[in-house]
Amino acid sequence: MSTEQRVAIVTGAARGIGKGIAERLGRDGLHVIVADLEGAQAGVEETVTAIEHAGGRATGAVVDVTDEASVDALVEFTAEKAGKLDVFIANAGIAQVESLLDYSSADFQRVLDVNVTGVFYQYRSAARQFIKQGGGGKIIGAASIVAFRPFALLGPYSASKWAVRGLTQAAAMEWAEHKITVNAYGPGIVGTAMWDLIDEKLGAKQGLAKGEALAENAKSILLGRVSVPNDVAQLVSYLSSEDSDYVTGQTILVDGGIQFS
């Protein structure tokens, strides 16, 4: 492997899975650009500090993935600050727990803007930078178990993650000639704020106490436990490394055995 430090961007890295991914890549020896919204910069600084305290190198950045110019500016900032880009992890995403009958048009569009259009902006900007540099690169997107099997009360989110899976395959086909690999990771039930909200909404609908709906869903996990961000981060570490150079166009589930692809 090259001794030159590799550079990765992680969006949505102020908390949750994105934070876990950024910290793992820092331990792997990459210079991590920790990016999130303006309002999440306290979390960004926490992630940067955690990486630095572990002996890694990190730089905080602001990005709004629904803004094409903001995504392009993030890639340009990275190229100027770190000299290049090797890995782009399009982790930023949102979910809203609501029945389809009650979903507003504005909320539906917001999910698509972040989870689909935003991923497209990130994929495209990263690919343009890789092509400009020459030598290929790695693009990794955030899908979900719902890219294979939708969940009730997560209809628009499920649709958006199916779209990420399709976009990942199409991008892999188009950019292989540039030695760019494009893959996605599909978490299952993770102990994050999103699943706390799902538990709350399902509990209200089904008359269950806090934690009971999550526990009921967790029964489907073959490995017997809800996952943590590091479970996902370990897969992303592999997809970011040279060990995965012959893997492209895949959405890989990391769900403890709920869904078989």
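Biologist: Is A58 buried or exposed?

Modeller: This is a predicted model, so read each value as computed from it. Burial is judged by relative accessible area, and under 20% means buried. A58 comes out at 10%, so A58 counts as buried.

Biologist: Where does A58 sit, and which residues is A58 in contact with?

Modeller: A58 belongs to strand β3, residues 57-62. Leaving aside neighbours within four places in sequence, A58 contacts H31, V32, V34, V48, I51 and E52.

Biologist: How do I read a salt bridge?

Modeller: Side chains of opposite charge can pair when their charged atoms come close. The whole structure has 9 salt bridges. One of them joins R24 and D28, at 3.0 Å from N to O. D28 is partly exposed, at 34% relative accessibility.

Biologist: What separates the closest N and O atoms of R124 and E68?

Modeller: They are 2.4 Å apart. R124 is in helix α4 (residues 105-133) and E68 in helix α3 (residues 68-82), so the bridge ties together parts 56 residues apart in sequence. R124 is buried at 17%, while E68 is partly exposed at 35%.

Biologist: And which residue forms a salt bridge with K138?

Modeller: D245 does, with the closest N and O atoms 2.9 Å apart. This pair links distant parts of the chain, 107 residues apart: K138 lies in strand β5 (residues 137-142), and D245 in the loop between α8 (229-240) and β7. K138 is buried, at 5% relative accessible area. D245 is partly exposed, at 48%.

Biologist: Which residues are linked in a network of salt bridges?

Modeller: E4, K84 and D86 are.

Biologist: Now the rings. How do I read an aromatic pair?

Modeller: A pair of aromatic rings is described by the distance of the centres and the angle of the planes. The structure holds 1 such pair. F120 and Y121 form it, with 5.9 Å between centres and 45 degrees between planes, a tilted arrangement. F120 is partly exposed at 35%. Y121 is buried at 17%.

Biologist: Which charged end sits over the ring of W162?

Modeller: That of R165, 5.8 Å from the ring centre.

Biologist: Last, the surface. Which residues form a nonpolar patch?

Modeller: L222, L223 and F260 do, with about 410 Å² of accessible area together. F260 lies in the segment after β7 (251-254). At 63% relative accessibility, F260 is exposed.

Key. Residues are numbered from 1 along each chain as its sequence is written. This is a predicted model: local features need pLDDT of at least 70, side-chain atom pairs count only at pLDDT 80 or more; totals for chains, interfaces and linings use all residues. Side-chain values use heavy atoms; hydrogens and water are left out. Rings of Phe, Tyr and Trp (its six-membered ring) pair if their centres lie within 6.5 Å; planes under 30 degrees apart count as stacked, over 60 as edge-to-face and the rest as tilted. Buried means under 20% relative accessible area, exposed over 50%, partly exposed in between (1.4 Å probe, protein chains only). A charge sits over a ring if NZ of Lys or CZ of Arg is within 6 Å of the ring centre and within 35 degrees of the ring normal. Patches are made of residues with over 30% relative accessible area and no salt bridge: like charges are joined within 9 Å, nonpolar side chains (Val, Leu, Ile, Met, Phe, Trp, Tyr) within 5 Å. Accessible areas come from the Shrake-Rupley method with a 1.4 Å probe; for residues, only the protein chains shown count as cover. A salt bridge is a side-chain nitrogen of Lys or Arg within 4 Å of a carboxyl oxygen of Asp or Glu. Helices (H or I, at least four residues) and strands (E, at least two) are DSSP runs, numbered from the N terminus. Contact means heavy atoms within 4.5 Å.
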